[in-house]
Amino acid sequence: MAERLRVAVLGLGGMGRPMATNLVRAGLPTFVWNRSPERAREIGEHGAEVADTPADAVRRADVVITMVTDADAVLSIATDQGMLAAMPQGAIWAQMSTIGVAGTERLARLVSEQRPDVVLLDAPVAGSRGPAEQGKLVILASGPDEARDRISPLFDVLGQRTAWVGPVGAGSRIKLVNNLLLAFIAEGLAESIALGQSLGLDRQAVLNAFQGSPLVAPWAAEKLQRIGQSDYSPQYPLSLALKDVDLALEGVEADRFPVADSLAAQWRWVVERGLGGEDVTVVTRALED
Ligand SMILES: NC(=O)c1ccc[n+]([C@@H]2O[C@H](COP(=O)([O-])OP(=O)(O)OC[C@H]3O[C@@H](n4cnc5c(N)ncnc54)[C@H](OP(=O)(O)O)[C@@H]3O)[C@@H](O)[C@H]2O)c1
């Protein structure tokens, strides 16, 4: 069934590019668009059809995936750049960027007012660039039941698992919960290593002590390995991780989450030092300086 789906991928950054590449490799007719055209050209060489505008990319697509930075970017593509108006009757819009609850509600309102025939799925992903390359994302899908059978073969190309979590908005909520846990783990690594330094310990001795510890989950173990090599190349850039903590705190009583609030303030300080494009683990380096 997946072979018959024609897909448009809008946004070819660290996540969208490997996702689109996997769809091409799986043999799905894939149309791509990116704001900076050079990123699209490379996927074009692998067999995707490169479009000049979002509207051109989606005109013949059964499924449209948006994978860009934030809600403003998604809305600008959908409205100002004509994506929504150009989508074929009854097409599916799988919104996979992390845009939070309010952003997703804005999109749901837009679709119901302007294109009620379009099926909106709120389907953010867990897993960073490595899992995206390997087709091993976890897709936190939410939306109308009737879209599941149509979209599942495509989600199976992108991810190792799709969790259907409820109506539109549920996927974005679970994503924020997931990423807050991830933020605390990243911060735990950063502050533990910085504490080791403040206590006069050798950094490698701290990293060795963590090895094989039941406290260190596989995600953290991989991050510790990179920290050990002083490799802060972006898998999950700090600026995006901060955006996600901010989205989590948006619309809830921040007083109830003082630790998350203070983590966001500390990460903002690191971003302001120009390190937002590095991996989230760069907080470790910033705290050690
Ligand atoms: N990286 C991760 O680990 C990870 C994991 C799960 C979910 N996510 C989420 O997935 C989404 C994409 O992440 P990423 O890592 O691919 O980010 P990225 O590498 O920074 O790429 C961002 C993409 O958004 C596009 N974009 C930004 N503003 C735009 C605008 N105003 N109009 C049109 N396009 C715009 C960029 O286009 P240009 O190329 O022209 O700049 C680029 O294609 C984000 O919502 C992120 O939070 C990321």
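Predicted model: local features only at pLDDT ≥ 70, side-chain atom pairs only at ≥ 80, totals over all residues.

I started with Leu-158, which is buried, with 27 other C-beta atoms within 10 Å. My cut-offs: buried is 20 or more other C-beta atoms within 10 Å of the residue's own, exposed is 12 or fewer, partly exposed is in between, and C-beta atoms are placed from the backbone. Residues are numbered from 1 along each chain as its sequence is written.

Leu-158 sits in helix α8; helices are DSSP runs of H or I with at least four residues, strands are runs of E with at least two, and both are numbered from the N terminus. In α8 (residues 148–158) I found Ile-151, Leu-154, Phe-155 and Leu-158 buried. They span an arc of only 105 degrees around the axis, so they are on the same side of α8. That arc is taken over the directions from the helix axis to the C-beta atoms.

What does Leu-158 touch, leaving aside its neighbours within four places in sequence? I got Met-19, Asn-22, Gly-135, Leu-137 and Ile-139, with contact meaning C-beta atoms, placed from the backbone, within 7 Å. I also checked Gln-134: it is 24 residues from Leu-158 along the chain, and their C-alpha atoms are 8.3 Å apart.

Next, the domains. The assignment gives domain 1 (2–167) and domain 2 (173–288); such bounds come from an automatic or database domain assignment. Their centres, taken over C-alpha atoms, are separated by 28 Å. Each side of the contact is listed with 13 residues. On the domain 1 side, α6 (100–114) and α7 (129–134) are the elements giving two or more residues, and α6 gives the most, with 3.

Last, the ligand. Which residues of the shell are closest? Of the 24 residues around the ligand, these are Gly-13, Gly-14, Arg-35, Ser-128 and Tyr-236; to be near, a residue needs its C-beta atom, placed from the backbone, within 6 Å. Helix α4 (residues 71–80) gives the most to this shell, with 3 residues. Why do I put the ligand between the domains? Domain 1 and domain 2 both give residues to the shell, so the ligand lies between them.

Technical notes. Contact = placed C-beta atoms within 7 Å.
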